[in-house]
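Please read the following notes beside the sequence and the coordinates.

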Amino acid sequence: MSDIISWEKAIDKKVKSSDNHDLGKIESITREYIQTKEGVIGKKYYFIPKYYIQGYDGDNLWVSLTKDEVKTKFERETPPDLKEFETSEYAERKSMVIKQYSDFDNSIPSYSSSTSGTQATSANAKQMPGGVEMSWDKIIDKKVKSSDRQDLGKVESVSTEYIEVKEGLVSKKHYYIPKYYIEGFPAESEFRTEEYMNRKRKVEENYPQFLHGIPIMAKEPGVTLQSSSSGGTVNIPWEEVIHKHVRASDNVDIGDVERVGNEFIVVREGVSKVHLYYIPKSYINNYDGSYLYINAPSGLVSAKFERDTEPTPEEIKMLGEEQPKKGLE
């Protein structure tokens, strides 16, 4: 959180406009205005009335006007006549600021560049849609999605101007996204659909302590498969197949089991260039303790099951219905 600072300590601080442009550094401060100087050779001077200051974020003082507005109204070579500040618009602005910050004459409030208008808040706080506030320091490791609902990875770090997002484990990608592209953090109310509330009631009836711990789930009993060699049956203990090798019907290794879902397994192939195959369990026709055997050739596995994101239940159902005749009974 940025400190609330006194006006005399603002000398030499950088000043920014509401549209994030530099307005130079503060050269002097009077009772009515701050004077900033921009540039070294082609110097420009701005005499900005104090009540247009929104706050201090630890690095910059922020003004509630755009740079064009500041240049039009307050750029000059000599100090202004104070009567120039006596407009109805400025009087209204001054009254509003005094109501919010009774000590404004003595000190500059802390400010976050994520806020707008006259509001100044904690430098780490972000006001989200629906009135939900999530501080920037609490979004580390939160998942990030694009506007078309695609995963972008997780937040690795947060700076003054952007968030850093990392996608992937092996072939890592880093995205440096300016904060103003962040739309918000979902409010709890977004989850309160009728379907969700019905689900919530059922869970709480069956598991009164759900909020304090996740209930133990019974292990999936396994799937009975027809052995291609002996004609007998084999029961697959799914908890044991993680990291086991997977082999296609043409005897080609296609990777290792990374994850087991209810209806499919995820097979990872490669290290530097990773391929992920989402294979319906109905395609598994044997397990010998070391290998899972898939009733499909390697070329079909690559063409049919490789994807970057998890398939929908409908897609898995459709793929399962296309299973070969040999396989699950």
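1. Ile 284 has Ile 294 in β22 as its bridge partner, and β21 and strand β22 (residues 291-294) pair in the antiparallel sense over three bridges. Two strands are taken to pair if DSSP finds at least two bridges between them, while helices (H or I, at least four residues) and strands (E, at least two) are DSSP runs numbered from the N terminus. This is a predicted model, in which local features need pLDDT of at least 70 and side-chain atom pairs count only at pLDDT 80 or more, whereas totals for chains, interfaces and linings use all residues. Residues are numbered from 1 along each chain as its sequence is written, and side-chain values use heavy atoms, with hydrogens and water left out.

2. The open sheet to which these strands belong has six strands in the order β20-β19-β18-β17-β22-β21, with mixed pairing. Its edge strands are β20 (275-280) and β21 (284-287), each of which pairs on one side only. Neighbouring strands of this sheet are turned by 35 degrees against each other on average, direction ignored; axes here are lines fitted to C-alpha atoms, for helices over the stretch in contact, and angles run from 0 to 180 degrees between N-to-C directions.

3. Strand β19 (residues 264-269) runs antiparallel to β20, and six bridges join the two, with Ile 279 in β20 as the bridge partner of Ile 265. Five residues lie between the strands of this hairpin, where Gly 270 takes a positive phi near 95 degrees. Five of the six residues of β20 are buried, so that the strand is mostly covered, buried being under 20% relative accessible area, exposed over 50% and partly exposed in between (1.4 Å probe, protein chains only).

4. Helix α4 (residues 298-305) packs on the sheet and touches β18 (253-260), β20 and β22, its direction making about 95 degrees with that of β20. Phe 305 lies in this helix and counts as buried because its relative accessibility is 0%. Leaving aside neighbours within four places in sequence, Phe 305 is in contact (heavy atoms within 4.5 Å) with residues including Leu 276, Tyr 277, Tyr 278, Ile 279 and Leu 319. From Phe 305 to Ile 279 the C-alpha distance is 5.9 Å, although the two are 26 residues apart in sequence.

5. Glu 164 has its place in strand β13 and is buried, with a relative accessible area of 12%. Apart from neighbours within four places in sequence, the contacts of Glu 164 are Lys 154, Val 155, Glu 156, Ser 157, His 174, Tyr 175 and Tyr 176.
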